[in-house]
Amino acid sequence: MYTKEELQYKYEQAVNLGLSGAELLKHPEAQKACNGIGAQWMWDSLRELLGKFNPALVLAADIHDVRYELGGSDADRKKADDEFLANALICADAEYCWINPFRYRARKQARKFYFILRVTGGKAWRDAQKKRGKTL
């Protein structure tokens, strides 16, 4: 869980990078929803490790976390996952210059995480819907 100051800093970073959904980092649910890279059910230490090895992708994951918290239709879930991938690629390119091999590793990880989201993210999406009392 981030402090309000940390979320403000993340919001400013997201705006500077032109990330889609940057405004979500100011949403009242953001402080509770943002947990870095990984599912909410994962151990904190595992999510911290994923963030440590993929630092360029954490900001995109935080925006995605708020999208999942807010929920919506299955089409909204697809848009949230697509937004994650687009934002993650922007973040990877912003973090590393074109000649740095870590740029291409981060881009590959972004695509891998996107695939995992598409395959396994449905349960987290439905759980958020149930928690909010929305019908599916």
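This is a predicted model: local features need pLDDT of at least 70, side-chain atom pairs count only at pLDDT 80 or more; totals for chains, interfaces and linings use all residues.
Analyst: Helices are DSSP runs of H or I with at least four residues, strands are runs of E with at least two, and both are numbered from the N terminus. By that rule, R103 belongs to helix α6. Residues are counted from 1 along each chain as its sequence is written.

User: Where does R107 sit, then?

Analyst: R107 is in helix α6 as well, and its relative accessible area of 18% makes it buried. Beyond its neighbours within four places in sequence, R107 is in contact with L89, A92 and D93. So A92 and D93 turn up in the contacts of R103 and in those of R107, with both arginines buried because of their 15% and 18%.

User: What about I63: which helix holds it?

Analyst: I63 lies in helix α4. Its relative accessible area is 0%, so I63 is buried. Not counting residues up to four places away in sequence, I63 touches A14, L19, S20, G21, A22, L24, L25, E83 and N87. From I63 to D76, 13 residues apart along the chain, the C-alpha separation is 14 Å.

User: How do I describe the way α4 and α6 pack?

Analyst: Two packed helices are described by the angle between their axes and the distance between those axes. Axes are lines fitted to C-alpha atoms, for helices over the stretch in contact, and angles run from 0 to 180 degrees between N-to-C directions. Here α4 (residues 58-70) and α6 (residues 101-132) meet at about 50 degrees, with their axes 7 Å apart. Under 35 degrees would be roughly parallel, over 145 roughly antiparallel, 65 to 115 roughly perpendicular, and the rest oblique. α4 and α6 are therefore oblique to each other.

User: Which residues of α4 and α6 meet?

Analyst: On the α4 side you have H64, R67, Y68, E69 and L70, and these meet L117, G121, A124, W125, A128, K131 and R132 of α6. By class, this contact has 6 nonpolar, 2 polar and 4 charged residues. The nonpolar class is Ala, Val, Leu, Ile, Met, Phe, Trp, Tyr, Cys and Pro, the charged class is Asp, Glu, Lys and Arg, and the others, Gly among them, are polar.

User: How much space lies in the largest pocket?

Analyst: Rolling a probe the size of a water molecule over the atoms shows where empty space is left. On a 1 Å grid over the protein atoms alone, a pocket is an open set of points, where a 1.4 Å probe fits, with protein on both sides within 12 Å along at least five of seven lines, and lining residues have an atom within 4 Å of a point. Points are joined across faces, edges and corners, and the volume is the space filled by probe spheres set on them. The largest pocket holds about 770 Å³. Of its 27 lining residues, G38, A39, Q40, L117 and A124 are the closest to the centre. α2 (30-33), α4 and α6 are the elements that give two or more residues to this lining, and α6 has the largest share with 10 residues. The lining divides into 14 nonpolar, 7 polar and 6 charged residues.

User: And which residues are the closest to the centre of the second largest pocket?

Analyst: M1, C34, N35, D44 and R47, out of 16 lining residues. The second largest pocket has a volume of about 270 Å³. α2 and α3 (44-53) each supply at least two residues of its lining, with α3 giving the most, 5 residues.

Definitions and conventions:
Side-chain values use heavy atoms; hydrogens and water are left out. Contact means heavy atoms within 4.5 Å. Buried means under 20% relative accessible area, exposed over 50%, partly exposed in between (1.4 Å probe, protein chains only).
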